[in-house]
Amino acid sequence: MAFSLASKNALVTGAGSGIGQAIALRFARAGAHVMVADVNLPAAESTVAMVHAAGGRASSLRLDVTRDADFTEALARVPEIDVLVANAGIGHVGTLLTTSIPDFERMLAVNVTGVLRTLKAWMPGMIARGRGAVVVMGSTAGLEGLVDRFSYSTSKHAVVGMMRCAALDHATSGVRVNAVCPGRVETPFVRARLAEYPDPEAARRDMSSTQAMRRMGSPEEVAEAALFLASDEASFVTGACLSVDGGWTAGMFPRA
Ligand SMILES: NC(=O)c1ccc[n+]([C@@H]2O[C@H](COP(=O)([O-])OP(=O)(O)OC[C@H]3O[C@@H](n4cnc5c(N)ncnc54)[C@H](O)[C@@H]3O)[C@@H](O)[C@H]2O)c1
(Lines give C-alpha, C1' and ligand atoms only; values in the text may rest on other atoms or scores of the structure.)
Protein backbone atom coordinates (compact mmCIF):
# COMPACT_ATOMS: atom_id res chain seq x y z
CA MET A 1 0.00 0.00 0.00
CA ALA A 2 1.38 3.43 -0.91
CA PHE A 3 0.60 5.83 1.91
CA SER A 4 -0.17 9.32 0.65
CA LEU A 5 0.20 12.76 2.21
CA ALA A 6 -0.95 14.52 -0.96
CA SER A 7 -2.14 18.10 -0.30
CA LYS A 8 -1.02 17.91 3.36
CA ASN A 9 1.22 20.40 5.11
CA ALA A 10 3.70 18.70 7.43
CA LEU A 11 6.20 20.10 9.93
CA VAL A 12 9.12 18.03 11.21
CA THR A 13 11.39 19.26 14.02
CA GLY A 14 15.04 18.25 14.04
CA ALA A 15 14.75 17.58 10.30
CA GLY A 16 18.25 18.78 9.45
CA SER A 17 19.80 15.39 10.17
CA GLY A 18 19.27 11.68 10.68
CA ILE A 19 15.76 10.38 11.28
CA GLY A 20 14.08 13.79 10.93
CA GLN A 21 15.75 14.34 7.59
CA ALA A 22 14.64 10.91 6.36
CA ILE A 23 11.07 11.67 7.50
CA ALA A 24 11.10 15.01 5.66
CA LEU A 25 12.32 13.32 2.48
CA ARG A 26 9.77 10.48 2.76
CA PHE A 27 6.84 12.80 3.54
CA ALA A 28 7.74 15.00 0.57
CA ARG A 29 7.88 11.91 -1.65
CA ALA A 30 4.38 11.03 -0.34
CA GLY A 31 3.14 14.42 -1.59
CA ALA A 32 3.33 16.68 1.47
CA HIS A 33 4.75 20.17 1.59
CA VAL A 34 7.27 19.82 4.43
CA MET A 35 8.43 22.55 6.81
CA VAL A 36 11.92 21.42 7.72
CA ALA A 37 12.50 22.84 11.22
CA ASP A 38 15.83 22.67 13.00
CA VAL A 39 17.94 24.70 15.43
CA ASN A 40 20.67 24.33 12.81
CA LEU A 41 19.38 26.40 9.85
CA PRO A 42 22.10 25.37 7.35
CA ALA A 43 21.28 21.72 8.12
CA ALA A 44 17.57 22.42 7.54
CA GLU A 45 18.41 24.16 4.28
CA SER A 46 20.43 21.19 3.09
CA THR A 47 17.45 18.88 3.77
CA VAL A 48 15.24 21.27 1.78
CA ALA A 49 17.75 21.16 -1.09
CA MET A 50 17.59 17.33 -0.99
CA VAL A 51 13.77 17.44 -1.13
CA HIS A 52 13.84 19.87 -4.06
CA ALA A 53 16.43 17.74 -5.88
CA ALA A 54 14.01 14.81 -5.56
CA GLY A 55 11.18 16.92 -7.03
CA GLY A 56 9.36 17.52 -3.72
CA ARG A 57 8.14 20.62 -1.89
CA ALA A 58 9.76 21.91 1.31
CA SER A 59 10.78 25.08 3.16
CA SER A 60 13.24 25.60 5.98
CA LEU A 61 12.51 27.04 9.39
CA ARG A 62 14.98 27.88 12.15
CA LEU A 63 13.40 26.52 15.32
CA ASP A 64 15.08 25.86 18.65
CA VAL A 65 12.55 23.78 20.57
CA THR A 66 13.83 25.21 23.88
CA ARG A 67 12.94 28.81 22.92
CA ASP A 68 9.40 30.20 23.27
CA ALA A 69 10.26 33.13 21.01
CA ASP A 70 11.12 30.76 18.16
CA PHE A 71 7.66 29.19 18.41
CA THR A 72 5.95 32.59 18.33
CA GLU A 73 7.78 33.38 15.08
CA ALA A 74 7.22 29.89 13.64
CA LEU A 75 3.48 30.01 14.36
CA ALA A 76 3.19 33.39 12.68
CA ARG A 77 4.83 31.91 9.59
CA VAL A 78 3.19 28.48 9.68
CA PRO A 79 -0.16 28.78 11.47
CA GLU A 80 -1.82 25.65 10.02
CA ILE A 81 -0.40 22.19 9.54
CA ASP A 82 -1.98 18.78 9.03
CA VAL A 83 0.90 16.57 10.17
CA LEU A 84 3.30 17.34 13.02
CA VAL A 85 6.40 15.31 13.86
CA ALA A 86 8.11 16.21 17.16
CA ASN A 87 11.43 14.55 16.42
CA ALA A 88 14.16 16.92 17.68
CA GLY A 89 16.17 15.33 20.44
CA ILE A 90 19.60 15.01 21.99
CA GLY A 91 21.44 12.17 23.68
CA HIS A 92 23.53 11.85 26.83
CA VAL A 93 25.64 9.06 28.28
CA GLY A 94 25.66 8.60 32.05
CA THR A 95 24.20 6.93 35.12
CA LEU A 96 22.30 8.56 37.97
CA LEU A 97 25.68 9.10 39.67
CA THR A 98 27.51 10.58 36.68
CA THR A 99 24.67 12.72 35.28
CA SER A 100 24.88 16.27 36.60
CA ILE A 101 21.77 18.32 37.35
CA PRO A 102 22.59 20.79 34.50
CA ASP A 103 22.99 17.82 32.09
CA PHE A 104 19.65 16.43 33.24
CA GLU A 105 17.91 19.78 32.97
CA ARG A 106 19.29 20.30 29.46
CA MET A 107 17.98 16.86 28.49
CA LEU A 108 14.51 17.64 29.81
CA ALA A 109 14.51 21.08 28.15
CA VAL A 110 15.15 19.64 24.68
CA ASN A 111 13.62 16.16 24.75
CA VAL A 112 10.62 16.75 27.02
CA THR A 113 9.65 20.42 27.25
CA GLY A 114 10.76 20.82 23.62
CA VAL A 115 8.20 18.20 22.56
CA LEU A 116 5.59 19.81 24.83
CA ARG A 117 6.23 23.24 23.25
CA THR A 118 5.93 21.70 19.79
CA LEU A 119 2.61 20.05 20.61
CA LYS A 120 1.26 23.14 22.37
CA ALA A 121 2.16 25.29 19.38
CA TRP A 122 0.29 23.37 16.66
CA MET A 123 -2.16 20.97 18.32
CA PRO A 124 -4.69 23.68 19.32
CA GLY A 125 -5.13 24.64 15.65
CA MET A 126 -5.50 20.99 14.66
CA ILE A 127 -8.09 20.43 17.39
CA ALA A 128 -10.00 23.58 16.33
CA ARG A 129 -10.08 22.32 12.72
CA GLY A 130 -11.03 18.81 13.88
CA ARG A 131 -8.23 16.99 12.07
CA GLY A 132 -4.54 16.27 12.25
CA ALA A 133 -1.92 13.65 12.94
CA VAL A 134 0.89 14.04 15.46
CA VAL A 135 3.89 11.73 15.69
CA VAL A 136 6.41 12.05 18.51
CA MET A 137 9.82 10.41 18.41
CA GLY A 138 10.04 8.00 21.32
CA SER A 139 12.68 5.31 21.67
CA THR A 140 13.15 1.80 22.95
CA ALA A 141 14.69 3.73 25.86
CA GLY A 142 11.21 5.18 26.49
CA LEU A 143 9.72 1.71 26.93
CA GLU A 144 12.54 0.07 28.91
CA GLY A 145 15.37 1.35 31.07
CA LEU A 146 18.69 1.59 29.29
CA VAL A 147 22.06 1.12 30.98
CA ASP A 148 24.22 4.28 31.15
CA ARG A 149 21.49 6.45 29.56
CA PHE A 150 19.86 7.72 32.76
CA SER A 151 18.71 11.14 31.56
CA TYR A 152 17.95 10.07 27.98
CA SER A 153 15.84 7.07 28.99
CA THR A 154 14.01 9.18 31.58
CA SER A 155 13.26 11.80 28.93
CA LYS A 156 11.91 9.26 26.45
CA HIS A 157 9.66 7.65 29.09
CA ALA A 158 8.22 11.17 29.56
CA VAL A 159 7.73 11.57 25.80
CA VAL A 160 5.78 8.30 25.64
CA GLY A 161 3.70 9.39 28.64
CA MET A 162 2.93 12.78 27.06
CA MET A 163 1.92 11.08 23.83
CA ARG A 164 -0.47 8.71 25.60
CA CYS A 165 -2.08 11.48 27.68
CA ALA A 166 -2.44 13.85 24.71
CA ALA A 167 -3.96 11.03 22.64
CA LEU A 168 -6.52 10.27 25.37
CA ASP A 169 -7.37 13.89 26.15
CA HIS A 170 -8.08 14.61 22.45
CA ALA A 171 -9.23 11.19 21.23
CA THR A 172 -12.59 12.49 19.98
CA SER A 173 -11.20 15.67 18.44
CA GLY A 174 -10.15 14.20 15.10
CA VAL A 175 -6.48 14.59 16.04
CA ARG A 176 -4.45 11.41 16.50
CA VAL A 177 -1.23 11.30 18.55
CA ASN A 178 1.22 8.41 18.28
CA ALA A 179 4.87 7.56 18.83
CA VAL A 180 7.51 5.81 16.81
CA CYS A 181 9.90 4.00 19.14
CA PRO A 182 13.12 3.15 17.29
CA GLY A 183 15.86 0.88 18.50
CA ARG A 184 19.41 1.71 17.45
CA VAL A 185 19.37 3.59 14.17
CA GLU A 186 22.57 4.54 12.43
CA THR A 187 22.45 8.36 12.34
CA PRO A 188 24.91 11.16 13.21
CA PHE A 189 23.38 11.03 16.72
CA VAL A 190 24.44 7.39 17.18
CA ARG A 191 27.78 7.84 15.40
CA ALA A 192 28.59 10.65 17.88
CA ARG A 193 27.79 8.30 20.80
CA LEU A 194 29.97 5.56 19.27
CA ALA A 195 32.89 7.96 19.00
CA GLU A 196 32.76 8.48 22.77
CA TYR A 197 33.78 4.85 23.41
CA PRO A 198 37.47 3.82 23.67
CA ASP A 199 36.79 1.09 21.04
CA PRO A 200 34.08 2.45 18.70
CA GLU A 201 33.99 -0.73 16.56
CA ALA A 202 33.37 -2.94 19.61
CA ALA A 203 30.68 -0.49 20.74
CA ARG A 204 29.14 -0.65 17.26
CA ARG A 205 28.94 -4.47 17.45
CA ASP A 206 27.46 -4.21 20.93
CA MET A 207 24.82 -1.68 19.79
CA SER A 208 23.91 -3.93 16.86
CA SER A 209 23.50 -6.92 19.16
CA THR A 210 20.67 -5.30 21.17
CA GLN A 211 18.43 -5.78 18.14
CA ALA A 212 17.26 -9.40 17.66
CA MET A 213 17.95 -8.81 13.96
CA ARG A 214 21.60 -8.12 14.92
CA ARG A 215 21.85 -4.86 13.04
CA MET A 216 21.01 -1.23 13.51
CA GLY A 217 18.07 0.24 11.62
CA SER A 218 18.24 2.93 8.98
CA PRO A 219 16.61 6.37 9.22
CA GLU A 220 14.54 5.42 6.16
CA GLU A 221 13.05 2.40 7.98
CA VAL A 222 11.91 4.71 10.80
CA ALA A 223 10.50 7.19 8.28
CA GLU A 224 8.23 4.49 6.80
CA ALA A 225 6.66 3.92 10.25
CA ALA A 226 6.18 7.67 10.76
CA LEU A 227 4.52 7.90 7.34
CA PHE A 228 2.01 5.18 8.24
CA LEU A 229 1.09 6.89 11.52
CA ALA A 230 0.78 10.26 9.76
CA SER A 231 -1.38 8.88 6.95
CA ASP A 232 -5.17 8.58 6.82
CA GLU A 233 -4.72 4.78 6.67
CA ALA A 234 -3.90 4.96 10.42
CA SER A 235 -7.32 6.54 11.10
CA PHE A 236 -8.10 4.22 14.08
CA VAL A 237 -4.59 4.39 15.57
CA THR A 238 -4.02 6.78 18.47
CA GLY A 239 -2.00 6.51 21.68
CA ALA A 240 0.20 3.82 20.12
CA CYS A 241 3.94 3.22 20.30
CA LEU A 242 5.08 1.69 17.04
CA SER A 243 8.36 -0.09 17.79
CA VAL A 244 10.84 -0.05 14.92
CA ASP A 245 13.59 -1.88 16.72
CA GLY A 246 14.54 -5.09 14.92
CA GLY A 247 12.87 -7.12 17.68
CA TRP A 248 14.62 -5.48 20.65
CA THR A 249 11.44 -5.19 22.75
CA ALA A 250 9.81 -8.42 21.53
CA GLY A 251 11.30 -10.41 24.39
CA MET A 252 14.40 -12.21 25.55
CA PHE A 253 16.95 -13.34 23.00
CA PRO A 254 20.59 -14.41 23.26
CA ARG A 255 23.06 -11.56 22.75
CA ALA A 256 25.64 -12.32 20.06
N1 LIG B 1 19.44 7.29 16.26
C2 LIG B 1 18.88 6.44 17.11
O3 LIG B 1 19.37 5.31 17.34
C4 LIG B 1 17.62 6.81 17.81
C5 LIG B 1 16.91 5.80 18.47
C6 LIG B 1 15.72 6.11 19.12
C7 LIG B 1 15.25 7.39 19.09
N8 LIG B 1 15.96 8.37 18.45
C9 LIG B 1 15.40 9.72 18.47
O10 LIG B 1 15.23 10.18 17.15
C11 LIG B 1 15.34 11.61 17.13
C12 LIG B 1 16.34 12.02 16.09
O13 LIG B 1 17.57 11.42 16.38
P14 LIG B 1 18.73 11.27 15.29
O15 LIG B 1 19.43 10.03 15.61
O16 LIG B 1 18.20 11.50 13.93
O17 LIG B 1 19.66 12.53 15.74
P18 LIG B 1 20.54 13.58 14.92
O19 LIG B 1 21.47 14.16 15.92
O20 LIG B 1 21.08 12.98 13.68
O21 LIG B 1 19.47 14.67 14.52
C22 LIG B 1 18.82 15.45 15.51
C23 LIG B 1 18.44 16.79 14.92
O24 LIG B 1 17.79 17.54 15.94
C25 LIG B 1 18.30 18.86 15.92
N26 LIG B 1 18.15 19.48 17.24
C27 LIG B 1 18.90 19.24 18.34
N28 LIG B 1 18.52 20.08 19.32
C29 LIG B 1 17.51 20.83 18.82
C30 LIG B 1 16.71 21.89 19.34
N31 LIG B 1 16.91 22.36 20.58
N32 LIG B 1 15.75 22.42 18.56
C33 LIG B 1 15.56 21.97 17.29
N34 LIG B 1 16.31 21.01 16.72
C35 LIG B 1 17.26 20.45 17.48
C36 LIG B 1 19.74 18.72 15.51
O37 LIG B 1 20.26 19.95 14.99
C38 LIG B 1 19.67 17.61 14.48
O39 LIG B 1 19.47 18.12 13.17
C40 LIG B 1 15.72 12.02 18.56
O41 LIG B 1 14.55 12.39 19.26
C42 LIG B 1 16.29 10.74 19.15
O43 LIG B 1 16.17 10.69 20.53
C44 LIG B 1 17.14 8.11 17.80
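1. Basis of the note. Because the model is predicted, local features need pLDDT of at least 70 and side-chain atom pairs count only at pLDDT 80 or more, while totals for chains, interfaces and linings use all residues. Residues are numbered from 1 along each chain as its sequence is written.

2. The sheet. Seven strands form an open sheet with parallel pairing, in the order E3-E2-E1-E4-E5-E6-E7; helices (H or I, at least four residues) and strands (E, at least two) are DSSP runs numbered from the N terminus, and two strands pair if DSSP finds at least two bridges between them. Strand E3 (57-62) and strand E7 (241-244) are the edge strands, each pairing on one side only. Direction ignored, neighbouring strands of this sheet are turned by 20° against each other on average.

3. E1 and E2. Strand E1 (residues 9-13) and strand E2 (residues 33-38) run parallel and are joined by five bridges, with Val12 standing opposite Val36 in E2.

4. Helices on the sheet. Helix H1 (residues 18-29) packs on the sheet and touches E1, E2, E3, strand E4 (83-86), strand E5 (132-137) and strand E6 (175-182), its direction making about 170° with that of E1. Axes are lines fitted to C-alpha atoms, for helices over the stretch in contact, and angles run from 0 to 180 degrees between N-to-C directions; two residues are in contact if their C-beta atoms, placed from the backbone, lie within 7 Å. Helix H8 (residues 219-230) lies across E4, E5, E6 and E7, and runs at about 165° to E6.

5. H1 with H8. The axes of H1 and H8 come within 8 Å and cross at roughly 55°, and the two helices are therefore oblique to each other; angles under 35 degrees count as roughly parallel, over 145 as roughly antiparallel, 65 to 115 as roughly perpendicular and the rest as oblique. The crossing is right-handed, that is, the near helix is turned clockwise from the far one by less than a right angle. Among the residues making the contact are Gly18, Ile19 and Arg26 of H1 and Pro219, Glu220 and Glu224 of H8. By class, this contact has nine nonpolar, two polar and three charged residues, where Ala, Val, Leu, Ile, Met, Phe, Trp, Tyr, Cys and Pro count as nonpolar, Asp, Glu, Lys and Arg as charged, and the others, Gly among them, as polar.

6. H1 with H2. The axes of H1 and helix H2 (residues 41-53) come within 10 Å and cross at roughly 30°, which makes H1 roughly parallel to H2. Here too a crossing is to be noted, and H1 passes H2 in a right-handed one. Gln21, Ala24, Leu25 and Ala28 in H1 meet Thr47, Met50 and Val51 in H2, and these residues divide into five nonpolar, two polar and no charged.

7. H4 with H5. For helix H4 (residues 101-129) and helix H5 (residues 150-169), the axes come within 9 Å and cross at roughly 20°, so that H4 and H5 are roughly parallel to each other. Their crossing is right-handed. The contact includes Asp103, Phe104 and Met107 in H4 and Ser151, Tyr152 and Lys156 in H5, and its residues divide into twelve nonpolar, three polar and two charged.
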